[in-house]
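Let us walk through this protein together. Keep the sequence and the 3D view side by side as you read.

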Amino acid sequence: MPRYHLLAAFGLLALAACSKPAQKPAADTTAAQPAPPPKPEPMAFVTVIYNHPKSAAAFEKYYWETHVPLVGEKQAEVGFVAAELTKFDATLDGKKPTYYRQAVLWFKNMADLEKGIATPGFKAIGDDLGKFADGGLTGMIGEQTNEASTLLSGDTTAFVTVIYNQPKDANAFESYYAATHLPIVGQGAAEIGFVRAELTKFAKNLDGSPAALYRQAKLYFPNKAALTKGTSTAAFKAVGDDLPKFADGGLTALVGHLTSKK
């Protein structure tokens, strides 16, 4: 701006100051926006996937009479907030299930899990596994990757699960999984009829070595009839047809049911 314009402007301001009473500065009407609440930490879990035992009857007897009560007795010490025990019924195509059972202990977050698995109570649970799981097992820890608020809600007794092996390229897997596969599942939810989805990612084996498996996805249904109907739909077929497009490490697809839920 030229200098004379600046002088004229200052003169007008001075004149105005002399001719008008002083005014209070305008009130700030832009109220401070509250900070968004911090994103909750993902729930963490310990899982044991059991291979088929030599004797299912002997396994079940020890499991329910000794092992499950032991886990319950140690809950306060170990600090898990929920337990889910499931039994696999078949592969998705109706064959003998690849695995026998799965048990999941849920913790509020990974810090609580790390603290819990360092307790004598958790060691007692682990030491007991060899007394009945003679077919072998895989023990891992991980975190839930979808909304944790849905974890303990819903009337669910049956499920279909996909357990993913380690992919060739984890970044490519995750990109396709989030951008393409999960939207396909979501779009077909009403037709398929599942009432809850649980997505998890394995972090490592219990002994600290790299995780034997990569991810797990579970769709829960109110009962076996609902599961059978849902897995027969065109929407479910679209979900299944999409799996080979990103799960290049292979996967295991199973159906099963809950045998207890705390």
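Two residues are in contact when heavy atoms of theirs lie within 4.5 Å. P42 touches K108, N109, M110, E143 and Q144, leaving aside residues up to four places away in sequence. Where does P42 sit? P42 is in the loop between helix 1 (3-19) and strand 1 (44-50). M110 is 68 residues away from P42 along the chain, yet their C-alpha atoms are separated by 7.8 Å. P42 has a relative accessible area of 34%.

Now step back to the whole chain. Remember that this is a predicted model. The protein has 262 residues, and 39% of them are buried. Its secondary structure comes to nine helices and eight strands. The accessible surface is about 14,500 Å². Carbon and sulfur atoms account for 60% of that surface.

Helix 2 covers residues 56-73, and helix 5 covers residues 120-129. Their axes come within 9 Å and cross at roughly 165 degrees. Angles over 145 degrees count as roughly antiparallel, so helix 2 is roughly antiparallel to helix 5. The crossing of helix 2 with helix 5 is left-handed. Which residues meet here? Helix 2 brings Y62, T66, H67, L70 and V71. Helix 5 brings A124, I125, D128 and L129. Sorted by class, this contact of helix 2 with helix 5 holds six nonpolar, two polar and one charged residues.

Zoom in on one residue of that contact. I125 lies in helix 5. Is I125 buried or exposed? Buried means under 20% relative accessible area, and I125 has 6%, so I125 is buried. Leaving out residues up to four places away in sequence, I125 touches H67, L70, V71, K74 and V78. H67, L70 and V71 belong to the helix 2 side of the contact. I125 and E73 are 52 residues apart along the chain, and their C-alpha atoms are separated by 9.9 Å.

Move on to a second pair of helices. Helix 6 spans residues 170-187, and helix 9 spans residues 234-242. The axes of helix 6 and helix 9 come within 9 Å and cross at roughly 160 degrees. How do helix 6 and helix 9 run relative to each other? An angle over 145 degrees is the cut-off again, so helix 6 and helix 9 are roughly antiparallel. Helix 6 passes helix 9 in a left-handed crossing. On the helix 6 side, the contact is made by Y176, T180, H181, I184 and V185. On the helix 9 side, A238, V239 and D242 take part. This contact of helix 6 with helix 9 divides into five nonpolar, two polar and one charged residues.

Finish at another loop. G94 is found between strand 2 (82-91) and strand 3 (101-107). Exposed means over 50% relative accessible area, and G94 has 59%, so G94 is exposed. How far is G94 from L254 in space? The two are 8.8 Å apart, C-alpha to C-alpha. In sequence, G94 and L254 are 160 residues apart.

Notes
Residues numbered from 1 in each chain as written. Predicted model: local features only at pLDDT ≥ 70, side-chain atom pairs only at ≥ 80, totals over all residues. Heavy atoms only, no water. Axes fitted to C-alpha atoms, helices over the stretch in contact; angles between N-to-C directions. Helix = DSSP H or I, 4+ residues; strand = E, 2+ residues; numbered from the N terminus. Parallel < 35°, antiparallel > 145°, perpendicular 65-115°, else oblique. Left-handed = near helix turned anticlockwise from the far one by under 90°. Nonpolar A, V, L, I, M, F, W, Y, C, P; charged D, E, K, R; others polar. Buried < 20%, exposed > 50% of the residue type's maximum accessible area, 1.4 Å probe, protein only. Areas by Shrake-Rupley, 256 points an atom, 1.4 Å probe, with all protein chains shown as cover.
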